[in-house]
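Work through the exercises below with the sequence and the model open. Each task is followed by a solution in steps.

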Amino acid sequence: MSLLSKLPRRGAQLVLSPVVGQIVRTLVADAAGSESTLDESALAATADAMRGRIAIMPRFLGLPMAGATVFFDLSGVATAGRPFRFQSAAQRARQVALWRKAPVSFCQDFLEFYGKMATFVYFSELNPEHEGH
Amino acid sequence: MRGTLHDCQILVIGSGPGGATTAALLAEAGHDVLMVEEGGHFVHDSAPAYSMAEMDQKYRNGGLTPAFGQTKVTYVEGRCVGGGSEINAALAHPPMASTLEDWRQRFRIDQFGLEPLGSHFEAVERECSVASMPGGLDPASMVIKQGADQLGWASSEVQRFWQYPSDGAGKGLRQSMTVTLVPRLLAAGGRLLPLTSVHKLRFRGGRAVEASATTRHADGRRERVRIRFDKVFVCGGPTQSPLVLRRSGIRGKVGDGLRLHPMVRVAARFDREVNDPAAGVPVQQVVEFKPDLTLGCSHAALPHLVMWLGGEVEDREAKLEAWPKIALFYVLVTGKGKGKVRNIPGFDESFTSYPCGDDDLASLGQGLHRLGTMLFQAGAVELFNPLPGRPSITRPDQLEQLRTGLPHGQLTISTIHLFGTCPMGEDRSRCVVDSWGKLHGAANIWVNDASILPDCTGVNPQLTLMAVARRNVAHWLDG
């Protein structure tokens, strides 16, 4: 059982929900080409799926991933004067670009996890006819 | 110790290709067999193939299993009745005779090789309906064939563990363990206990006598379970078998020697349609450079393609609109590193590490160069750069950036083939089990899964692992 799932459920949701939602929005927009054309219902489902993914991770991964998510959010204060979840689309894209270029592999790994998984889920939500082959 | 008690003559831990083969054959020989499986028992179409739902149901940790190292390698493991056979591409590729001979010599494995194993390969192919795809090759496979033919490289269709419909209607049926060996186990009077994780073995008088386990019920309740046995076959796979053994106090070389096939995927765009997910998993592989290097193509519906579209892509939206012109190809190499599987005190999960070093990156780089060369020969107009932040490759001379000096930590490297954490052989300085899977120094413990394959097969491993498991059980029954 994930250690994260042993935390008060509501507390974990309150902390992670908005951050995961904005990370998903930004990275899916990056993959899809633009934020303005994104499907909100599919985005919401994707954010839910990502929160679920973190919850089922092995405990030695899930807790650090949750912590990294919070750190990513708060590091926005240094780059744009406000946490990631409160930034504009342009500011969020800039923070992602900074993390992609960071000399620390942890930053790329973090974005790779969110980027690949969220992209897959989002496009699966949009294109259910592509499942089952 | 309290808990629900089960008694059996033979306990089989794990229900993947090794465990299901072991359990079914032993039960059919008249033994009282109980097979336990950590994951759930799902029918073959319980979730769409390669979907998130399938990952949630049948993959360990929903597909998130990293092997840590200088360059992380993400691996995928089945965690369900049938194990990896329920989620893999079901490709059935016999090993090269030279690979088995190499193992026989290096690890001192008795009576081993393509010829001694021949009857077991035939039995697996017959009983699990290994067959070629009827009709012509799918479009992505045709790309492989055309490109390889242009370069004079040998390529061939790989057969699958698949029962194709005789009338050509429908997709047919994957011959996974839940369709083949598990029903045979149950028909022979064997028992199956899913959703049950074995923690460790307990000993008395030098013999393993009991397994302590936990069953997870659908309502969230956890039930302690004790399983008493006379003999035990540990078949949890290359990460879980060493985990159980090490938790049971059996250490030494257990969990060392992890070998794997590092793989890199590359999406490529053509002027024609090359991607038809409805055609199933592409089956053509370049075999020219086996066992060291395999070039092939992956199943890739739109969500998969978007996930693997790397680098800086111009006109991304327009290209994705025309996604049937994009297919996903892979480079798969025989890994040079040796990793480890260890327990983490206080946690149930394994910690897996693999040193994906300069040798592996060099192999992958050479492979990427060859793959790119072949794809351009087959008419590719754009290779989406597997290196993040780099522009697409649109000319063969631009492939040089992939050939040498690949940086650590940037490529997305994955694998689905792991081996070697409990290697078989009579060389006790490096082998955990003997030539027939019996744990060295143990009275009644055997290991019979991919962890005993001492090195990379260089080919899709399921056929080899099932033939070896079959051979080991036959030897056990003989004597």
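**Exercise 1: Contacts of one arginine**

Apart from neighbours within four places in sequence, Arg25(A) is in contact with Glu35(A), Leu38(A), Glu40(A), Leu43(A) and Arg92(A), where contact means heavy atoms within 4.5 Å. This is a predicted model, in which local features need pLDDT of at least 70 and side-chain atom pairs count only at pLDDT 80 or more, while totals for chains, interfaces and linings use all residues. Residues are numbered from 1 along each chain as its sequence is written, chains are lettered from A and ligands numbered from 1 in the order in which they are written, and side-chain values use heavy atoms, with hydrogens and water left out.

Solution. 
- Step 1. Helices (H or I, at least four residues) and strands (E, at least two) are DSSP runs, numbered from the N terminus.

**Exercise 2: The interface**

Task: Describe the contact between chain A and chain B by residues, buried area and salt bridges.

Solution. 
- Step 1. Chain A contributes 29 residues and chain B 37 residues.
- Step 2. The size of an interface is often given as the accessible area lost when the parts come together. Here the two chains bury about 3,100 Å², 65% of it on carbon and sulfur atoms. Buried area is the accessible area (1.4 Å probe) that two parts lose on being put together, summed over both.
- Step 3. Between chain A and chain B there are 2 salt bridges (a side-chain nitrogen of Lys or Arg within 4 Å of a carboxyl oxygen of Asp or Glu). One of them pairs Arg53(A) with Asp56(B), at 2.6 Å from N to O.
- Step 4. On the side of chain A that touches chain B, at least two residues come from each of helix H2 (9-32), helix H3 (40-56), helix H4 (59-74) and helix H7 (105-126) of chain A. H7(A) gives the most, with 10 residues.

**Exercise 3: Backbone exceptions**

Task: What are the omega of the bond between Lys290(B) and Pro291(B) and the phi of Arg108(B)?

Solution. 
- Step 1. Most residues other than glycine have a negative phi, and most peptide bonds are trans.
- Step 2. Lys290(B) and Pro291(B) are joined by a cis peptide bond with an omega of about 5 degrees. Pro291(B) is in the loop between strand S18 (284-286) and S19 of chain B.
- Step 3. Arg108(B), which is not a glycine, has a positive phi of about 55 degrees. Arg108(B) sits in the loop between helix H3 (97-107) and H4 of chain B.
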